[in-house]
Amino acid sequence: MSAPLPIPKLELRGVSKTFGGRKILDCVDISVERGRSLVIIGASGQGKSVTLKIAVGLMRPDKGQVFMDGEDMTELRTAERSRLHGRLGMLFQGAALFDSLKVWQNVAFRLINADKVPRKEARERAIEAIARVGLPRDVADRFPSELSGGMQKRVGLARAVVAHPDILFFDEPTTGLDPITSDVINDLIIEEVKRLGCTAVSITHDMNSARRIGDEIAMLHGGKIVWRGPAKTIDETDNPYVLQFINGRAHGPITCDA
Ligand SMILES: Nc1ncnc2c1ncn2[C@@H]1O[C@H](COP(=O)(O)OP(=O)(O)OP(=O)(O)O)[C@@H](O)[C@H]1O
Ligand SMILES: [Mg+2]
């Protein structure tokens with residue numbers, strides 16, 4: 001008898017989502033094994049952020065299910081869902097920090113508001129996370145608007161990891177950053193995922209970042225996963241969508257509406 005297959009850390013099964021009559025996701029299946037890092041690539045507007053929002057429970061699919069550790073998130077009661085959501089961390093596209101809160105309050109937000117960690121301890125843990133992502137400690141008492149884009153991404157990363165999640169989601173972690181800062185962020189992501197022994201799901205259209213942080217890459221196009229494989233093999237594929245995307249060609253099966 002063959003051994004049972006391990007339960008994936010995350011599984012999207014038959015997920016569909018339509019906005020204004022346009023089907024953004026069309027029966028998408030994605031599974032990620034525990035401890036693996038999957039990167040989802042795809043052109044702008046193809047539903048990458050929507051996929052992530054559905055995976056973390058910020059958006060409900062029209063059809064399909066999301067399993068975390070084998071539990072159907074779409075079926076769970078609110079309290080149960082919160083328990084599972086407590087084990088995930090997310091870095092949003094554009095960092096999405098609260099402007100009116102100081103940096104440490106942003107990082108400690110969940111510790112204080114969801115985990116009911118005492119304020120003093122939450123502040124200490126936030127400052128520790130801020131230092132771990134390479135920011136000076138005095139940044140803790142500044143406001144997000146006083147920081148550069150790269151520093152804001154670091155704060156977003158500190159916020160994502162502060163509660164020691166076992167699955168991390170990154171939406172465009174390097175978009176809008178210069179190549180050097182991007183590489184620093186890639187290194188930090190790799191370091192934190194390794195330190196926490198996490199599963200990671202990232203979205204990017206930065207191929208350098210995808211190759212660095214992904215064990216595997218999946219490409220989303222036209223509401224479907226059109227290719228998936230080990231990050232190392234992406235340059236060997238003859239898939240026309242992947243070829244056009246990674247080579248940044250204007251001509252091919254992907255048409256640009258912009
Ligand atoms: N809440 C919403 N209401 C209506 N339409 C939405 C909503 N969220 C996303 N969409 C639409 O769904 C499509 C996919 O959006 P999404 O943000 O997932 O794209 P993306 O692949 O992340 O693109 P980008 O690379 O530019 O971030 C877009 O056409 C967008 O306008
Ligand atoms: Mg997006």
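Me: Which residues is Ser-182 in contact with, leaving aside its neighbours within four places in sequence?

Reply: This is a predicted model in which local features need pLDDT of at least 70 and side-chain atom pairs count only at pLDDT 80 or more, while totals for chains, interfaces and linings use all residues; side-chain values use heavy atoms, with hydrogens and water left out. Residues are numbered from 1 along each chain as its sequence is written, and chains are lettered from A and ligands numbered from 1 in the order in which they are written. Contact means heavy atoms within 4.5 Å. Once the neighbours within four places in sequence are left aside, Ser-182 is in contact with Thr-174, Leu-177 and Asp-206.

Me: Buried or exposed: which applies to Ser-182?

Reply: Ser-182 is found in helix H6; helices (H or I, at least four residues) and strands (E, at least two) are DSSP runs, numbered from the N terminus. Buried means under 20% relative accessible area, exposed over 50%, and partly exposed in between, with a 1.4 Å probe and protein chains only. The relative accessibility of Ser-182 is 5%, so Ser-182 counts as buried.

Me: How are H5 and H6 oriented to each other?

Reply: Two packed helices are described by the angle between their axes and the distance between the axes. Axes are lines fitted to C-alpha atoms, for helices over the stretch in contact, and angles run from 0 to 180 degrees between N-to-C directions. For helix H5 (residues 149–161) and helix H6 (residues 179–196) the angle is about 10° and the axes are 11 Å apart. Angles under 35 degrees count as roughly parallel, over 145 as roughly antiparallel, 65 to 115 as roughly perpendicular and the rest as oblique, so H5 and H6 are roughly parallel.

Me: Which residues in H5 meet residues in H6?

Reply: On the H6 side, the residues are Thr-181, Val-184, Ile-185, Leu-188, Ile-189, Glu-192, Arg-195 and Leu-196. Those in H5 that meet them are Gly-150, Lys-153, Arg-154, Leu-157 and Val-161.

Me: Which protein atoms are donors of the magnesium ion (ligand 2)?

Reply: Donors are N, O and S atoms within 2.8 Å of the metal (3.2 Å for Na, K and Ca); water is not among the atoms, so sites may look incomplete. The protein donors lie 2.1 to 2.4 Å from the magnesium ion and are Ser-49 (OG) and Gln-93 (OE1).

Me: How many residues apart are Ser-49 and Gln-93?

Reply: Ser-49 is buried at 18% relative accessible area, and Gln-93 is partly exposed at 43%. Ser-49 belongs to helix H1 (residues 48–56) and Gln-93 to the loop between E6 and H3, so the pair links distant parts of the chain, 44 residues apart.

Me: How many residues of H1 are buried?

Reply: The buried residues are Lys-48, Ser-49, Val-50, Thr-51, Leu-52, Ile-54, Ala-55 and Val-56. H1 is mostly covered, the count of buried residues being 8 of 9.

Me: What is the angle between the planes of Phe-98 and Phe-109?

Reply: Rings of Phe, Tyr and Trp (its six-membered ring) pair if their centres lie within 6.5 Å; planes under 30 degrees apart count as stacked, over 60 as edge-to-face and the rest as tilted. By this rule there is 1 aromatic pair. Phe-98 and Phe-109 form a tilted pair, 4.9 Å centre to centre, with an angle between the planes of 45°.

Me: How many residues apart in sequence are the parts that Phe-98 and Phe-109 tie together?

Reply: Phe-98 is partly exposed at 37% relative accessibility, and Phe-109 is partly exposed at 34%. Phe-98 lies in the loop between strand E6 (88–91) and helix H3 (103–113) and Phe-109 in helix H3, so the parts tied together are apart in sequence by 11 residues.

Me: Which residue lies over the face of Phe-98?

Reply: A charge sits over a ring if NZ of Lys or CZ of Arg is within 6 Å of the ring centre and within 35 degrees of the ring normal. At 5.9 Å from the ring centre, the residue over the face of Phe-98 is Arg-159.

Me: What is the phi of Lys-116?

Reply: Lys-116 lies in the loop between H3 and helix H4 (119–132) and is exposed, with a relative accessible area of 62%. Although Lys-116 is not a glycine, its phi is positive, at about 55°.
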